[in-house]
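User: I would like to learn how to read the packing features of a model. Could we go through them one at a time?

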Amino acid sequence: MKLNELILLAASSPREPAYTHRVSGVARCPREAAMHANGMERSDPADPIHGNQFRFDIGHDVEARVISAMESAGLGVGFNQLRVLAHTPGGLAIPGHIDGIVLVPEGVEGGGAWYLFDVKSAGTRSYQRMFWKDAPPKAKQPHLEQVAVYANGIVEDDNYPEISGVRLRDLEFDGMPCGGGMILYLCVDSTARGSGDSREYLPRLTDIHFDLDDVDVDAVLAGFDEVEQHRINRTIPPKPENADGRLWPNFNRKTRQYKPVRCSPRWCERFSLCQEV
């Protein structure tokens, strides 16, 4: 065995934990989630050569470094990993932990309010796709949904008894109301776009603010009810449409069709199983 293979194998996660509902699962394919919930083993476990666990850990490192930089910039940042419970239309309580809350002062874009934020790392291609010509950068829909669900959740954290039982978005800090959600994307690879004389460099970090009411939270949370019903009935839902954001759709301008990037053994650990059932 080669040395790099030995290291990558040691860093991989050979065992998959039992399925549990979590807010971070809003971005998960409901068909694959139902398979997991029904105890169906992975047919395509990630090849250690891809180093998925390293990439996952990089995301955690990015979160810590971005939050540290926000604090160094004089922003009020707190409640990192605050626990909230989101309640589905069917009555399920879905736990989750936020990245944090930031108070943006007057004089800064979006100032005079606090925001619930989530930090995401992105590779070059994923990052570039958020920037279309001169239009404002656009966040991925599942990321918006995740933050909106957090914001509408109820604080249930023993470390903060003074705000337990309060809907997160209803809190006020220093007289500041909630200004909405914020996604902070940090590109971990090259930020170059274009080539030759037309090459430009995108900012390494971009912040995208959004109105929490732009997301139908009940519709998003209903997805957990769907998975729960499939677990109870021992059934599997049909595959989502190719344009579903949870499948990482890539639009082909020539064919005018979407290709679900996530539907491959590289990205879905139950891909082969999905083709069989």
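What follows is a walk through rings, cores, strands, cysteines and backbone angles.

Analyst: First, the ground rules. This is a predicted model, where local features need pLDDT of at least 70, side-chain atom pairs count only at pLDDT 80 or more, and totals for chains, interfaces and linings use all residues. Residues are numbered from 1 along each chain as its sequence is written, and side-chain values use heavy atoms, with hydrogens and water left out.

User: How many aromatic pairs does the structure hold?

Analyst: Start with the rule. Rings of Phe, Tyr and Trp (its six-membered ring) pair if their centres lie within 6.5 Å; planes under 30 degrees apart are stacked, over 60 edge-to-face, and the rest tilted. By that rule there are 6 aromatic pairs. One of them joins Phe 79 and Phe 173, with 5.4 Å centre to centre and 45 degrees between the planes, a tilted pair.

User: Which parts does the pair of Phe 79 and Phe 173 tie together?

Analyst: Elements first: helices (H or I, at least four residues) and strands (E, at least two) are DSSP runs, numbered from the N terminus. Phe 79 lies in the loop between strand S1 (76-78) and strand S2 (83-87), and Phe 173 in the loop between strand S6 (154-155) and strand S7 (178-187), so the pair ties together parts 94 residues apart in sequence.

User: Are Phe 79 and Phe 173 buried or exposed?

Analyst: The cut-offs use relative accessible area: buried is under 20%, exposed over 50%, partly exposed in between (1.4 Å probe, protein chains only). Both Phe 79 and Phe 173 are buried. They also belong to one aromatic cluster with Trp 114 and Tyr 160.

User: What about the pair of Trp 248 and Trp 267?

Analyst: That pair is edge-to-face, at 5.3 Å centre to centre and 70 degrees between the planes. Trp 248 sits in the loop between helix H6 (217-233) and strand S11 (249-252), and Trp 267 in the loop between strand S12 (257-260) and helix H7 (271-276), 19 residues apart. Trp 248 is partly exposed at 34%. Trp 267 is partly exposed too, at 41%.

User: Which charged end sits over the ring of Trp 267?

Analyst: A charge sits over a ring if NZ of Lys or CZ of Arg is within 6 Å of the ring centre and within 35 degrees of the ring normal. Here the charged end belongs to Arg 266, 4.0 Å from the ring centre of Trp 267.

User: How do I read a nonpolar core?

Analyst: In soluble globular proteins, nonpolar side chains tend to be buried together. A core is a set of buried Ala, Val, Leu, Ile, Met, Phe, Trp, Tyr and Cys residues joined through side-chain atoms within 4.5 Å. The largest one has 45 residues, and Ile 101, Leu 116 and Leu 168 have the most contacts inside it. Among the elements giving it two or more residues are helix H2 (30-37), strand S4 (100-104) and strand S5 (113-122). Helix H5 (141-151) gives the most, with 6 residues.

User: What is Leu 116 in contact with?

Analyst: Contact means heavy atoms within 4.5 Å. Beyond its neighbours within four places in sequence, Leu 116 has contacts including Ile 98, Ile 101, Val 147, Tyr 150, Leu 168 and Met 182. Met 182 is in a second, separate core of 13 residues, which also includes Ile 67, Phe 117 and Val 119.

User: In what order do the strands of the open sheet lie?

Analyst: Strands of a sheet pair through backbone hydrogen bonds, either parallel or antiparallel. Two strands count as paired if DSSP finds at least two bridges between them. Here 3 strands form an open, antiparallel sheet in the order S3-S2-S6. Strand S3 (93-97) and S6 are the edges, each with a single partner strand, so one side of each has no neighbour in the sheet. S2 and S6 are joined by 2 bridges. Leu 85 has Ile 154 in S6 as its bridge partner.

User: How many disulfides are there?

Analyst: The test is a pair of cysteine sulfur atoms within 2.5 Å. The count is 0. The sulfur of Cys 268 has its closest cysteine sulfur in Cys 274, 6.3 Å away, too far for a bond. Cys 268 is buried at 15%, and Cys 187 is buried at 1%.

User: And the backbone angles?

Analyst: Most residues other than glycine have a negative phi. Gln 81 has a positive phi of about 65 degrees. Gln 81 lies in the loop between S1 and S2 and is partly exposed at 35%. Asp 174 also has a positive phi, about 55 degrees. Asp 174 is in the loop between S6 and S7 and is exposed at 73%.
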